Amino acid sequence: MHYYSHHISDYMSHTGHLNPMEDLAYRRCLDIYYLHEKPLNEDASMVARKIRMPDNVPEVKIVLEEFFTHDVGKGWVNPRGDKEIKKYRDKIAASSRGGYSAALVNRKSTASALTPTNNHKPITNNHKPINKTLKRPRNVSKKTWDDFLVHRKNKKAPLTETALKGIKNEVKKTSISLEDALVMCQARGWQSFKSDWVVDRQKSFATTSYGEGEQEI
């Protein structure tokens, strides 16, 4: 998951007793938990290192023991986080099934509407089939790519080679990567990407997207 909702009143009611460093540790633990969709390391010192707080192991340990459950052999789990991750995965799976079913229906309709005749000539070098499958860019992870394709389908705007080329050209005008640009489109509900939209935040998006008020404990 690259984003999650954050209910301010709910969060404050559960964390009002934490000191600033404990609060920071908790927020970063949640970010890592949702980002990787798996339990945190059993070793509190390793978790502290992962969230860039190696000198605050005591605070990290307090947060883990209060807000997470230790599953021996697996790591620290967050029941609330697991529910949100399951909802996210179910939504992606449902969207994928819906897209496949619609494509199958369209394919059958097209096939039944075409009646071949003797006038049909065999395919020659001048009539090669066009490959409609877009290849995933090398600098984009499979998860981000698959999620973005589903995102475009949900927008009723399947990604085309021309659209992808346009996005790449806009990304070149910024200092962020294509991976971050696609993640940003999903997090903010954008169908495409324009460099003008991120001029003031292009260097910080990857590490500060949770600051937009979209987190949930």
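**Exercise 1. Which residues do ring pairs link into a cluster?**

Solution. The structure is a predicted model, and a search of the whole of it finds six aromatic pairs. Ring pairs link Tyr11, Tyr26, Tyr33, Phe67 and Phe68 into a cluster.

**Exercise 2. Decide whether Tyr26 and Phe68 are buried or exposed.**

Solution. Buried means under 20% relative accessible area. Tyr26 has a relative accessible area of 3%, so Tyr26 is buried, and Phe68, at 4% relative accessibility, counts as buried by the same cut-off.

**Exercise 3. Describe the pair that Tyr33 forms with Phe68.**

Solution. The rings of Tyr33 and Phe68 are 5.8 Å apart from centre to centre, with 65 degrees between their planes, and this aromatic pair is edge-to-face. Tyr33 belongs to helix α2, whereas Phe68 lies in the loop between α4 and β1, so that 35 residues separate two distant parts of the chain that the pair links. Both Tyr33 and Phe68 are buried.

**Exercise 4. Find the charged residue that lies over the face of Tyr11.**

Solution. The residue is Arg27, which lies over the face of the Tyr11 ring at 5.1 Å from the ring centre.

**Exercise 5. Compare the reach of helix α6 with the span expected for it.**

Solution. Helix α6 (residues 142-154) has 13 residues, and from its first C-alpha to its last it reaches 18 Å, close to the 18 Å expected at 1.5 Å a residue. Its buried residues include Trp145, Phe148 and His151. After α6 comes Lys156, whose phi is positive, near 60 degrees.

**Exercise 6. Examine phi, location and accessibility for Glu37 and Arg52.**

Solution. Most residues other than glycine have a negative phi. Glu37, although not a glycine, has a positive phi of about 55 degrees, and Arg52, also not a glycine, has a positive phi of about 65 degrees. Glu37 lies in the loop between α2 and α3 (44-50), while Arg52 lies in the loop between α3 and α4. With a relative accessible area of 13%, Glu37 is buried, whereas Arg52, at 55%, is exposed.

Key
Residues are numbered from 1 along each chain as its sequence is written. This is a predicted model: local features need pLDDT of at least 70, side-chain atom pairs count only at pLDDT 80 or more; totals for chains, interfaces and linings use all residues. Side-chain values use heavy atoms; hydrogens and water are left out. Rings of Phe, Tyr and Trp (its six-membered ring) pair if their centres lie within 6.5 Å; planes under 30 degrees apart count as stacked, over 60 as edge-to-face and the rest as tilted. Buried means under 20% relative accessible area, exposed over 50%, partly exposed in between (1.4 Å probe, protein chains only). Helices (H or I, at least four residues) and strands (E, at least two) are DSSP runs, numbered from the N terminus. A charge sits over a ring if NZ of Lys or CZ of Arg is within 6 Å of the ring centre and within 35 degrees of the ring normal. The expected span of a helix is 1.5 Å times one less than its number of residues.
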